[in-house]
Amino acid sequence: MSKIKQRFVALPKPVKILLWVLLALFAYALPLLEPPIISTPGVDFGGVLFVVTMYCLVAIGLNIVVGYAGLLDLGYVGFYAIGAYTAAVLTSFHAHWPLLLAIPVAVVVTTISGVLLGAPTLRVRGDYLAIVTLGFGEIIRLVAVNSEWLNQRKGISDIARPPSIGGQEGLFEIPHLFWGDGTVLVDTKDTTQFLVFGVLDQIPYYWLGLTVVIVMLFADRLIKNSRVGRAWEATREDEDAAELMGVPTFKFKLLAFATGAFVGGLAGSLYASRQNFINPDSFLLLYSILFLAAVVVGGQGNRWGVLVGAILVAYLPQRFREFDDFRVLAFGLALVLLATLRPEGLFPPRRTVRAKHLEQELEELEEGAGGEESARV
Amino acid sequence: MNFEFLFSNLPQLTIGGLAFGAIYALIALGYTMVYGVLQLINFAHSEVFMYGTFAMLWTVMALGGADAGGIKLVAILIAALFSAMAMSAIIALLLERVAYRPLIKKDAPRLIALISAIGASFVLAELMGLRDRIAGWFGLDDNLSEYVGKARINNSMAGVLDAPRWKIGNVTISSIDVLVIVAAVGMMILLDQFVRRSRLGKGIRATSQDPETAALMGVNPTRTIQLTFLIGGLMAGIAAFLYMLKIETTKFDVGFLLGVKAFTAAVLGGIGNLRGALLGGLVLGVAETWGSALFGTEWRHVVAFVLLVVILLFRPTGLLGESLGKARA
Amino acid sequence: MRRNKVFAAGAAALALGLSLTACGTTDDKDSGSSGGGGGDAACDLKLAFFGPETGPAAGLGKPIIQGAQLAVDQYNDDADCEVELVKYDSQGSPDEAPSLATEVAGDESIIGVVGPAFSGESAAAGPIFAEGGVPTITPSATNPTLADNGWDTFHRALGNDATQGPAAAKYIQDTLQAKGTFVIDDASEYGAGLAGIVEDTLGDTVVGTDTIQAGDTDFSATVTKVTDAKPDAVFFGGYYAEATILIGQLRNGGFDGTFVVADGVKDPAYLDAKDAAEGTIITCPCIPDTDPAVATFAADYEAEFGEAPGTYAAESFDAASIFLAGIADGIDNREDMLTFVNDYDEKGITKQLKFDDKGEPADVHVYAYTVKDGAIVPEGEIK
């Protein structure tokens with residue numbers, strides 16, 4: 001694994017960029033290729049991929065809060081819900097704005113709500129924050145359940161879809177591949193119109209989601225490598241030391257919370273648009289837990305790790321639909337196994353790996369070898 | 001807001017709140033003990049409770065509680081109490097062994113233990129929810145249909161116990177509510193004394209203060225952790241018994257909501273603090289019924305969480321402050 | 001999205017699908033991914049169940065699945081070409097609905113859908129079924145607004161909240177002659193919708209209302225509200241899970257009036273409340289089992305699944321039976337099936353099955369049932 005990585009790092013820059021572009025192209029083409037094994041029997045592949053991109057987006061956002069700033073957030077679905085409901089209210093229930101106007105408003109509203117939640121609660125430390133955020137997520141959902149203004153459990157339908165490019169027919173048609181026994185066919189009857197956000201074809205939504213994910217990855221990279229990113233890291237590792245060194249930790253924690261809320265709101269509004277209908281059942285506490293699982297399983301703090309985590313959490317239960325009733329059971333088992341076998345996550349960030357090595361070396365120096373069993377986690 | 005209704009029915013509402021709050025408190029103990037020693041949110045503790053409710057239900061069914069009366073019924077209920085405690089304790093110990101110990105050994109980050117607990121919680125709940133299918137693999141689903149049937153819906157033992165009720169003025173007091181409150185407070189006092197005075201209790205406190213020094217002083221950390229889980233499990237078993245007396249119905253996912261509430265209660269009182277768990281549970285229970293009376297029952301959970309946020313803003317470590325080890329009260 | 005003409009390409013052309021050479025027609029019957037086209041008449045046809053098989057709502061999904069399964073099994077017993085019932089497990093969540101509905105719409109061999117089971121997922125999946133021309137008959141989604149979306153594929157095999165609510169209110173007013181009624185709902189679409197209509201119809205005689213949340217088990221505040229208001233009757237809009245616990249706590253709290261509920265409680269599991277359930281009035285737009293056809297269904301169901309038919313099992317059986325009658329008539333595509341369903345007019349086991357132009361059942365009669373000696377027995381039609 002690390003050898004492949006070393007070889008990749010050693011490649012000249014143009015080649016690296018080319019490889020990245022090829023990877024992105026492959027990702028875009030995935031629902032058209034419908035490769036067997038990867039594609040999902042029993043549920044629309046494009047639709048699943050769209051949901052996967054939403055989980056990726058959420059994981060990127062939550063990673064900023066949990067991975068970078070070290071704030072345990074168990075109510076992230078609340079931000080997702082605020083984004084979705086703002087888009088729904090503005091484009092369908094109380095007004096008829098176009099979606100492209102509603103999304104920025106939704107994102108701003110969510111960011112503000114992040115600041116409003118964070119300002120009082122970020123003063124409590126550690127696990128208290130977890131239960132407070134959990135409460136926040138539930139409050140958001142219950143308010144939606146109980147307020148007529150948000151149409152209670154009946155939900156809001158006819159949420160605006162993104163505008164299509166090239167009218168109802170699109171600019172051109174892209175055929176899908178069809179996999180028979182040993183032959184691969186290009187199916188000219190089963191096509192996707194570029195770029196029509198319609199009812200039956202989920203692929204354009206996936207492309208939209210993927211594009212947003214890629215943009216967010218670039219933004220994430222910029223912010224992580226900036227002064228802000230370093231301040232988050234310092235706060236996470238030792239808040240008091242960071243404060244002593246002149247990092248206004250509270251301000252940076254609030255910023256992390258708001259940034260996370262921003263991304264969550266964006267994901268929520270996109271999701272509402274493809275879904276066309278939302279009700280409070282889409283924002284259960286369970287989703288907060290799944291989002292967190294995506295971040296931690298992948299390796300909190302590592303943007304590629306959390307992407308992998310998000311893909312696993314969103315994709316595996318859909319791929320293995322044939323497990324039927326046993327899906328949730330199998331998913332739970334997978335979580336326990338992953339946790340016990342790879343406690344640092346699948347792809348821990350480089351810093352953690354280095355720190356772990358260093359710790360081990362120190363320990364060996366101190367006590368010879370081995371190291372005693374510690375009761376603390 | 002219906003203040004008039006709240007005040008004219010204050011005693012009745014308060015009793016209802018205290019009774020359910022006492023159950024929160026007993027479950028909260030499991031969260032608080034584990035947190036005190038390991039600084040871990042034992043997310044799967046709700047399933048420990050859920051298995052206890054089923055042990056109680058099955059014991060009553062197996063011993064023919066529906067047709068029994070008098071002394072026989074009392075004996076059956078006592079047997080049910082012990083089986084609920086045993087079942088919960090076994091599940092709690094199993095959890096420690098499978099989901100936590102490997103992580104503790106590897107000195108894993110704390111969050112991954114939370115994920116492991118969440119996974120274990122899914123597995124435990126689904127095993128119960130799929131018990132008809134699993135029994136089917138062994139061809140037992142016909143013989144055991146009474147027990148494994150209705151895997152995904154409510155399982156009820158209504159009609160087994162017709163508890164006496166007293167009417168004082170316009171207040172109806174159920175003997176079960178009284179039993180629940182008295183039992184919860186009693187258990188809490190016993191446990192508090194145990195942790196304060198006994199050798200094992202001192203070990204728990206020492207480990208929660210400083211595990212390494214405690215280990216050096218001869219406290220076996222693994223034993224202590226096991227003991228913590230065992231006590232949490234026993235308390236959850238008692239909670240399960242009382243819950244079944246009061247509500248008479250359980251389901252494979254009954255633990256989830258109660259677990260969230262119990263954890264809230266633990267934090268409210270000051271996590272890691274035994275007396276805090278009792279206080280937090282009772283305060284939460286009463287706040288919920290009063291809130292339901294004032295704003296309508298649909299806002300019950302909102303009231304609970306808003307209360308939590310408000311209290312944490314003013315007392316950032318809960319009502320009584322944290323720490324099992326320092327044992328300040 | 002029919003696949004009758006396809007271009008074949010070598011496996012080597014995988015890389016971004018360039019160089020398409022050989023031409024050919026394939027009939028891809030063997031395909032596992034997305035189903036093949038028709039061809040040999042009424043064989044290889046499928047019906048789909050769309051609703052919760054797993055997840056928190058699985059308890060409500062099970063009788064619906066079994067009802068449809070029974071209809072399909074009975075049809076297959078003496079049919080040359082077997083019909084398959086494919087289950088699309090939405091977990092009852094609107095989240096899963098669009099991807100699943102798209103898959104259903106893409107599989108041309110599915111010519112009818114029993115479901116979606118809940119109103120939320122119906123709202124999310126409805127536009128997709130309408131666009132794909134997939135006829136649907138829901139056995140359990142009762143939100144009245146679902147029929148107003150202009151989806152020509154939408155049908156409902158049971159009365160919506162707006163038909164049952166007034167009947168329940170009428171029973172409370174005329175038969176029980178309650179001077180005061182307390183209305184409780186469970187905040188679900190079904191329960192809140194129904195309770196809202198009952199409340200509006202009863203008007204001034206409503207002495208109080210409260211809303212619980214599905215999944216709650218402690219109703220002490222609600223019970224206190226009821227005993228404080230001293231009503232003659234309590235109406236509860238919701239499902240049997242909460243009703244069973246609620247009635248027990250109401251009786252313990254000292255409420256001795258009549259408990260009135262609707263079809264979401266007409267389930268054998270409600271009888272778990274034992275003595276507390278006695279005397280409960282259940283309204284249901286379904287024919288009593290004194291009718292021989294209904295009795296046969298109940299007996300067959302019990303023989304096959306080892307339990308009495310639960311909530312909406314009979315409606316689901318009816319919904320599947322309509323599609324199966326169409327298949328028996330030689331229908332092999334969705335368009336004809338839709339016409340067939342729209343023109344259908346036969347007696348089912350719950351009611352006369354005939355749909356109006358919005359897809360609502362044309363002729364709904366609501367009956368009152370009561371719990372007596374541990375059984376749900378019919379009392380007569382509410383007129």
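**Entry 1**

I began at C:Phe235, which stands opposite C:Val260 in β11(C). The model I am reading is a predicted one. The two residues belong to a parallel pair: β10 (residues 233-237) and β11 (residues 258-261) of chain C are joined by four bridges.

**Entry 1: the five-stranded sheet of chain C**

I moved to another open sheet in chain C, with five strands in the order β4-β3-β5-β6-β7 and parallel pairing. Its edges are β4 (84-89) and β7 (154-156) of chain C, each with a single partner strand, so that one side of each is left open in the sheet.

Strand β3 (residues 46-51) and strand β5 (residues 110-114) of chain C pair in the parallel sense over four bridges, and C:Lys46 stands opposite C:Ile110 in β5(C).

Two helices that I looked up lie across strands of this sheet. Helix α2 (residues 97-106) of chain C covers β3, β4 and β5, running at about 170 degrees to β3(C). Helix α9 (residues 313-328) of chain C lies across β3, β5 and β6 (136-138), at about 165 degrees to β5(C).

**Entry 2: domains of chain C**

I looked up how chain C is divided. Domain 1 takes 46-159 + 290-350, and domain 2 takes 162-284 + 367-381. Their centres, taken over C-alpha atoms, are separated by 28 Å. How many residues does each domain bring to the contact? Domain 1 of chain C brings eleven and domain 2 of chain C brings 14. I sorted the domain 1 side by class and got three nonpolar, eight polar and no charged residues.

**Entry 3: chain B against chain A**

I turned to the interface of chains A and B, where 46 residues of chain B are in contact with 39 residues of chain A. On the chain B side, at least two residues each come from α4 (70-105), α5 (110-129), α10 (211-216), α11 (221-247), α12 (254-269) and α14 (300-314). The largest share is that of α5(B), with 13 residues. By class, the chain B side divides into 34 nonpolar, five polar and seven charged residues.

I followed α5(B) to a partner in chain A. Its axis and that of helix α13 (residues 327-341) of chain A come within 7 Å and cross at roughly 150 degrees. The two helices, α13(A) and α5(B), are therefore roughly antiparallel, and their crossing is left-handed. Among the residues making the contact I listed A:Phe331, A:Leu335 and A:Ala339 of α13(A), and B:Ile115, B:Phe122 and B:Glu126 of α5(B). The contact of α13(A) with α5(B) counts 14 nonpolar, four polar and one charged residues.

**Entry 4: a hairpin and a helix pair within chain B**

I checked a hairpin in chain B. Strand β2 (residues 165-168) and strand β3 (residues 171-174) of chain B run antiparallel and are joined by four bridges; B:Trp166 stands opposite B:Ile173 in β3(B). What phi does B:Gly169 take in this hairpin of β2(B) and β3(B)? B:Gly169 has a positive phi near 65 degrees, and the hairpin has two residues between the strands.

The crossing of α8(B) and α13(B) is left-handed. In α8(B) I noted B:Val185, B:Met188, B:Leu191, B:Asp192 and B:Val195, which meet B:Leu274, B:Arg275 and B:Leu278 in α13(B). By class, the contact of α8(B) with α13(B) has six nonpolar, no polar and two charged residues.

Terms used: Residues numbered from 1 in each chain as written. Chains lettered and ligands numbered in written order. Predicted model: local features only at pLDDT ≥ 70, side-chain atom pairs only at ≥ 80, totals over all residues. Domains from an automatic or database assignment. Contact = placed C-beta atoms within 7 Å. Nonpolar A, V, L, I, M, F, W, Y, C, P; charged D, E, K, R; others polar. Pairing = 2+ DSSP bridges. Axes fitted to C-alpha atoms, helices over the stretch in contact; angles between N-to-C directions. Parallel < 35°, antiparallel > 145°, perpendicular 65-115°, else oblique. Left-handed = near helix turned anticlockwise from the far one by under 90°.
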